[in-house]
Amino acid sequence: MPKKKTGQRKKAEKQKLIQKKIRSGERDLGEQPCNFMMTCDQCQRDQKSRAFCYFCQSIQKLPICAACGKQKCMSKTGDCIIKHGAKFTVGMGMVGAICDFCEAFVCHGKKCLTTHACACPLKDAECLECKRGVWDHGGRIYKCSFCGNFLCEDDQFEHQASCQQLDSENYKCMSCNKLGQFTCMRCKICFCDDHVRRKGVKYDRNAKDLPCPKCQYPTSETKDYSVSARRHAFGRQGAAVYDDEDEGGYSYGYSGYGYGGQGHDDEDDDEEDDDEDDSEYDEDEDESEEEESSQ
């Protein structure tokens, strides 16, 4: 029976995973310093961390570095471009540049200045729905958990609610009409076990997910997600109401107008009955007058 892990061992393993993740550079978009939440000192409005306020264009008193996330430089003998000795620097004394992609300050450290522009996580950040970049709106940038595309703060919920829907009307493979076991959430296409692997391409055996043959995005099994097929539940044929009493009579929707057969509205039937009664009454009066005149 294996030994039970102590609290100290669990904490050490957790810290080991965190350090490994930091060294590899794999961090979520919400944990990146260039995508932090910031409150403006002047207008007190929440927005993404940036050099100038999106609403009032004011400079923040304590800017945050977009690469390392620090607000105060305390390194005495570090890689600072501007040497400040034993004096700590904050505010504009710590700033070295402004990133053109994420619109945030970068500190005067040599490593941050030379590496952040090439590795900025918001380099190609353009919302998939509204086609707005970082400079066009003041909110944070998000990534869809299904298709992996960038989303702005306004469209993230609406997009993710409708992202798990295929472009086809069934779950069959587009090549051989078999049942698709794998689904690319970016292309919205299903693939069978044979066509998910391209001919002449060697795949890594240790890879968890096979890449999509069309866009190289990692595919996932269809059963793992609640993927729905496209349905056409609109148009006048979707709301057809049939009448059992009339032969061949049917009407669409609730407008009261019928197409074909003898389906009519109840009000129109009442008006027609009244008109027939009036005409019969007039005919009876005319016949009685003719009989009296003949006598």
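## Sheet S10-S9-S11

Two strands pair if DSSP finds at least two bridges between them. In this predicted model, 3 strands are joined into an open sheet with the order S10-S9-S11, and the pairing is antiparallel. The edges are held by strand S10 (189-191) and strand S11 (220-221). Each of these two has a single partner strand, so one side of each is left without a neighbour in the sheet.

Strand S9 (residues 182-184) is connected to S10 by 3 bridges, and the two run antiparallel. Within this pairing, Thr 183 has Cys 190 in S10 as its bridge partner. Strands of a sheet pair through backbone hydrogen bonds, in either a parallel or an antiparallel manner.

## Cysteines

How many disulfides does the count give? The count comes to 0 disulfides. A disulfide requires a pair of cysteine sulfur atoms within 2.5 Å. For Cys 65, the closest cysteine sulfur is that of Cys 68, at 3.5 Å, which is too far for a bond. Cys 65 counts as buried, at 0% relative accessibility.

The sulfur of Cys 212 has its closest cysteine sulfur in Cys 184, 3.6 Å away, and this is likewise too far for a bond. Cys 212 is buried too, with a relative accessible area of 1%.

## Aromatic pairs

The structure holds 2 aromatic pairs. One of them consists of Phe 52 and Phe 105, whose ring centres are 6.4 Å apart with the planes at 55 degrees, so the pair is tilted. This pair links distant parts of the chain: Phe 52 is in the loop between S2 and S3, Phe 105 is in strand S6 (residues 105-107), and they are 53 residues apart. Phe 52 is partly exposed at 31% relative accessibility, whereas Phe 105 is buried, with a relative accessible area of 5%.

Tyr 54 and Phe 55 make up an aromatic pair that is edge-to-face, with 5.4 Å from centre to centre and 90 degrees between the planes. Tyr 54 is partly exposed at 31% relative accessibility, and Phe 55 is partly exposed with a relative accessible area of 38%.

## Nonpolar surface patch

Phe 52 also belongs to a nonpolar patch on the surface, together with Ile 59, Met 92 and Ile 98. The accessible area of these residues together is about 340 Å². The loop that holds Phe 52 lies between strand S2 (46-48) and strand S3 (72-73).

Phe 52 passes the accessibility cut-off because its relative accessible area is 31%.

## Salt bridges

Across the whole structure, a search finds 4 salt bridges. Side chains of opposite charge can pair when their charged atoms come close. Among the salt bridges are two that involve Glu 13: one with Lys 5 at 3.2 Å, N to O, and one with Arg 9 at 3.5 Å, N to O. Glu 13 and Arg 9 both lie in helix H1 (residues 7-24), where they are 4 residues apart, about one turn of the helix.

Another salt bridge joins the side chains of Glu 103 and Arg 50, at 2.4 Å, N to O. This pair links distant parts of the chain, with Glu 103 in the loop between strand S5 (95-98) and S6, and Arg 50 in the loop between S2 and S3, 53 residues apart. Are Glu 103 and Arg 50 buried or exposed? Both residues, Glu 103 and Arg 50, are buried.

Arg 50 is buried, while Phe 52 is partly exposed.

Conventions: Residues numbered from 1 in each chain as written. Predicted model: local features only at pLDDT ≥ 70, side-chain atom pairs only at ≥ 80, totals over all residues. Heavy atoms only, no water. Patch = residues over 30% accessible without salt bridge, like charges linked within 9 Å, V, L, I, M, F, W, Y side chains within 5 Å. Areas by Shrake-Rupley, 256 points an atom, 1.4 Å probe, with all protein chains shown as cover. Buried < 20%, exposed > 50% of the residue type's maximum accessible area, 1.4 Å probe, protein only. Phe/Tyr/Trp six-rings, centres within 6.5 Å; stacked < 30°, edge-to-face > 60°.
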